[in-house]
Amino acid sequence: MRNLCLAAALVAACGMGLLAQAQAPAPGQPQNAGRGGGGQPVQPIQMVKPGLYVVAGGGANSIVRVTAEGVILVDTKLPGEANYNGLMQQIRSVTPLPVKTVIVTHHHADHTGNNDRFIAAGAEVIGHAVLASSLDTYQFDPKPAKPTVTYQGADRTVRLGGVEVRVLHLGRAHTGGDSVVYFPDVKVVATSDAVTTGATGPLADYAGGGSFVGFATVLDAMLKLDFDTAIPGAGPVLTKADVQNFRMKIGTVIDRATAAVKAGVPANELLKQIKTDDLGWAPRIPMVDAFVAELKQ
């Protein structure tokens, strides 16, 4: 009997190990990419400011801006009927109006996974041109649908029901096609994954056009906007002071990494040598050689 129990325990332990490996996302993939397309279930909608809400879960935060003529939605969560239906249920709990415009902030599937469903429902989906081109080589199944409308350059303005929203490409950071979404009337900015929270370190997806050094430039431009509230790609709502603190930590990592490179630390040892225990997170940089090349420029 004792041997049977030990055997059962060993099988269970091996099963858990294989499950953990299956759930671990590949570099550049969304954090919940390996969790059957669901991750944490869609959470109850929460008001951030009058007319502006956040729906967490399902892979990433989705922002809901209710206007007199319909909804402007930011990011569509990981693909799947459960996430789409859950998101729509939460939106309908605050307004019967349809989703007219969807803004996607970068090409990863936790932000674009249900583009096709919103397009089929009649919404226009807006994203940066680099986001659209990044989807051509993006390794994810099912591959997200491309935006129906793309913008070039640094700025596109969306107007609906008397509300103005600015979609801003402030540079390369998490990916090459990042958009920051600014709601000037309520002083809220949706940062996408240009800001991360808790112990999750910022990810520079170099394969997707990202740049760790670029985080500093993007955050500097973001902080020039007149906002008091920030909604990150995932995690709790933040203040402007939180974003300023995150920018300071990014600068600290860049300064320490630059000093290490100048001291001759090889690329394969760089991330191990950078002190990060005082920051609360470590940077996620799958392509260290690309990071080193930026630091040397």
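Start by selecting helices H6 and H7: in this predicted model, the two pack at an angle of about 150°, with their axes 9 Å apart. Angles over 145 degrees count as roughly antiparallel, and H6 and H7 are therefore roughly antiparallel to each other. The crossing of H6 past H7 is left-handed.

Show the side chains between the two helices. From H6, the residues that meet H7 include Phe 212, Phe 215, Leu 219 and Met 222. On the H7 side, the residues met include Val 243, Phe 246, Ile 250 and Val 253.

Next, select Phe 212, Met 222, Phe 227, Ile 250 and Leu 270. These are the residues with the most contacts inside the largest nonpolar core, which has 37 residues. Strand S10 (180-183), helix H6 (212-223), helix H7 (240-262) and helix H9 (288-296) each supply at least two residues of this core. H7 gives the most, with eight residues.

Stay on Phe 212 and display what surrounds it. Beyond its neighbours within four places in sequence, Phe 212 is in contact with residues including Pro 202, Tyr 206, Ile 250, Pro 283, Phe 291 and Glu 294.

A second, separate core has 24 residues; to find it, select Val 55, Val 71, Leu 131 and Leu 135, which are among its members.

Move to helix H2, residues 81-92. Its twelve residues reach 16 Å from first C-alpha to last, close to the 16 Å expected at 1.5 Å a residue. Colour Asn 83, Tyr 84, Gly 86, Leu 87, Met 88, Gln 90 and Ile 91, the buried residues of H2. What do they pack against? Their partners are strands S2 (52-55), S3 (62-67), S4 (70-74) and S5 (99-103), together with helix H4 (115-120).

His 169 sits in the loop between strand S9 (163-168) and S10. Is His 169 buried or exposed? Buried means under 20% relative accessible area, and His 169, at 16%, is therefore buried. Leaving aside neighbours within four places in sequence, His 169 is in contact with His 128, Tyr 151, Gly 153, Ala 154, Gly 176, Gly 177 and Asp 178.

Last, select Gln 40, in the loop between helix H1 (2-23) and strand S1 (46-49). Gln 40 counts as partly exposed, at 45% relative accessibility. Not counting residues up to four places away in sequence, Gln 40 touches Gly 57, Gly 58 and Gly 59.

Definitions and conventions:
Residues numbered from 1 in each chain as written. Predicted model: local features only at pLDDT ≥ 70, side-chain atom pairs only at ≥ 80, totals over all residues. Heavy atoms only, no water. Helix = DSSP H or I, 4+ residues; strand = E, 2+ residues; numbered from the N terminus. Expected span 1.5 Å × (residues − 1). Buried < 20%, exposed > 50% of the residue type's maximum accessible area, 1.4 Å probe, protein only. Contact = heavy atoms within 4.5 Å. Core = buried A, V, L, I, M, F, W, Y, C linked by side-chain atoms within 4.5 Å. Axes fitted to C-alpha atoms, helices over the stretch in contact; angles between N-to-C directions. Parallel < 35°, antiparallel > 145°, perpendicular 65-115°, else oblique. Left-handed = near helix turned anticlockwise from the far one by under 90°.
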